[in-house]
Amino acid sequence: MNKQRLLDKFRAISVEGKPLRQIYEEISSACMEEIRPDWGRRTRRTACYFSMEYLVGRAFYNNLMELGVLPEAEEIFAKKGFALSRFEEIEDAALGNGGLGRLAACYLDSAAARGLPLQGYGLRYRYGLFRQRFVAGEQVEEPEDWLAREDPWSVRREREKRRVTFADMTVVAVPYDMPVFGKTVNTLRLFQAEGSPEAEQISGFLYPPDDTDEGKLLRIRQEYFFSAAAIGEIVDKFIAVHGMHFERFPEFYALQLNDTHATFAVAEFLRILNRVHRVPLPEALEIARKTFHYTNHTVLAEALECWKEELVAQILPDIALILKQLHVFSLREWQKLGCTAEERQSMALLTDGYFSMANAAVYVARRVNGVAEMHTGILKEKLFRTAFKYYPNKFTNITNGVSQRRWLMLCNRELSALYDSRIGTGWRDDLGAIARIPADEAALSAFRAVKAEKKRQLREYIRKREGVTLLDDALYAAQTKRLHEYKRQFMTALAVLYLRFELKEGKREDFAPMVFLFGGKAAAGYRRAKEVIRFVNAVAELVAADEEVSQKLQVVFVQNYDVSYAEKIVAGTDVSLQVSAAGFEASGTGNMKFMMNGAVTVGTMDGANIEIAERAGGYNNYMFGVTAEEAELLRESYDPAAFAESNEKILRVVRMLTDGSLPGKPFEELYRATFTETYNSPDFYLCLYDLESYVDALLKVNADSRDEASFSRKQFENAIHSSFFSSDRAIEAYARKIWKLEQT
Ligand code: 26Q
């Protein structure tokens, strides 16, 4: 690509009298034109990432930055009297729910940046993740109609469309390609379903992660649809170049399953090789076992996909049959390996009429990886214990990472400039270099100025968006992520109520004013999570109305938290709250984004928090709460009602759930979850049990923050030790350990 030519094109764009969208499209199209010759050349061994979700966020600034023209473009348009920042109103695709989808986006970004051939495959949803608003403190969902706008960053590939066949319908899969800029230009290929109104439904909606029965068939259709379209295309391309020498397939392709959501791709691959090209099934399976790899992202039982055999057979009879044949193969193999009946049962692909997609993925995958050290440990010791016993070499860890281009260079130009001024710009391609920046007085005082500026910008943004002004000169603590019980936003709200009592009793004279920021969406059908939102908003209202504490404590739950909101929040936060019940958060990646921007972590011994504290120093972070092992033991005898009865300070907090002291209806549902739940045991995630150690950690960070010099050192040391959490490191580990790719 020719940078000067692109800049000349920018200069030729007139802005006078044009609507914002049109200018946006003209700039975007100029970029697309310019990269075309570099795009899509691919002859080498390639890795393909199969993911149901890509949470890419806003493409514009990121793409201009990757093309190396962002500052120049800003200048060119500023001269025309047009600020490029005005495109901040233009939203991009939210084709993902949370961590797993954002991780996919960071990995594509890093692969392109590092010159690794990685192509993404997924679904082009008509409606992405819903928009969220609060009405009287409650979440209201509205459809996110992102395609109502033009999408200049995608190219429809009319000539490459293909058919995907179900028992009851044939659907046309039309590819849309999005370039991913970097050292190489890679492609994210999203398939859109067309052909009939029923067909169109398949790429209609992003599926919520924790939904109920009605949607199951549709979900299966979605999974098969994009997996089959991708496999069909990849195999066709292989044949065109290498003929029918399928035994050579693994030399040219490494396929990565982002969780089990694309496991049908394995069955489809076997179907094509065996039923279409007459490769004997055992041979086809041998090829598949050198080709597919599986990343697990969750240990929650309810998020492990199991599909009823009947349901699959109803719309995909061949696929159901192949999965069943795989099941028979695996049983034979395990018999030979000498597995006990119980062991076979625990690894079974088919049990009680259900396909276990995780067991199928583990059986076929050449490598299975967890997303943080602790999580991989749980996979080996618990979830896939038996498989680990018989196939120890399959299992490996690759701790997640986040892209420093989006999560530092783009969202925190001030901190980036500080690094430039200290060590030059080399760190931008090699984040490890920032660890060598001396944390001397000059650096720390510059860092304090950056943090203050990012907090000011955040305050301004929230004032505009929410109509609330954050306390000035306060410590900003943030918990932003999807709503889930195991993530314990509920416990944070209880901690705020606990602190409020302490402050009202005049016990905490030295308490530094503290703002608790929340952000995140609850799945539309997840009632309890929505109650937690209502609860946090009620606590916010109570605290704001209480003159005794309102200058010391503030709670704000921002609406419609998304990638662009996250960019503002991670840069303007002092304290990152990562308080999941130990043993449940596979990794977390928000924790890494906050760290990279110089926040300290108040967190549990869970997921990647452990590695963060290791790398940045335990003394620079605030770890609290029971460990996963302790929690498991504890649950055998834990009685939350007795526990609360024995502690007056906790009791007075939980009473507030139902005694009418909070605005709005009583919080019966949350009360029941805490004391009388039967689905899991009451207070399963130990919100009461960990509450006081959480409050202690918050008081500690609050007290430490009073010493500006030493506290900013803690923050800065977090920032400069964050390079391990770059997705560049992670993607290079995938490329080296799993895919065996070469870099350009
Ligand atoms: C399950 C069954 C049926 C239909 C859908 C699903 C489903 C969908 C989405 C299950 C899980 C998800 C998403 C999981 C997810 O986002 N996991 C997060 O992945 C991050 C990246 O690895 C981790 O950092 C987080 O810890 C993990 O929660």
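1. A backbone N or O atom of Gly588 lies 2.8 Å from an oxygen atom of the ligand, in a model that is predicted. On its own the ligand has 610 Å² of accessible area, of which the protein covers 90% (Shrake-Rupley method, 1.4 Å probe).

2. An N or O atom in the side chain of Glu585 is 2.6 Å from a ligand oxygen atom, and one in the side chain of Asn400 is 2.8 Å from a ligand oxygen atom.

3. The shell around the ligand holds 19 residues, and Leu100, His297, Asn400, Glu585 and Gly588 come nearest (a residue counts with a heavy atom within 4 Å). Helix α5 (residues 99-113) gives the largest share, three residues.

4. The largest cavity has about 380 Å³ of space (a cavity is a set of points on a 1 Å grid over the protein atoms alone where a 1.4 Å probe fits but cannot get out; lining residues have an atom within 4 Å of a point). Its lining comprises 29 residues, with Val56, Gly57, Ala59, Asn63 and Met178 nearest its centre. Helix α5 gives the largest share of this lining, four residues.

5. The second largest cavity has about 60 Å³ of space. Among the residues lining this cavity are Glu585 and Gly588.

6. Residues are numbered from 1 along each chain as its sequence is written, and side-chain values use heavy atoms, without hydrogens or water. Local features need pLDDT of at least 70 and side-chain atom pairs count only at pLDDT 80 or more, whereas totals for chains, interfaces and linings use all residues.

How values were computed:
Polar contact = N/O pair within 3.5 Å; in protein donor to acceptor, adjacent residues only side chain to side chain. Helix = DSSP H or I, 4+ residues; strand = E, 2+ residues; numbered from the N terminus. 1 Å grid on protein atoms, 1.4 Å probe; cavity = no way out; pocket = protein on both sides within 12 Å on 5 of 7 lines; lining within 4 Å. Points joined across faces, edges and corners; volume = space filled by probe spheres on them.
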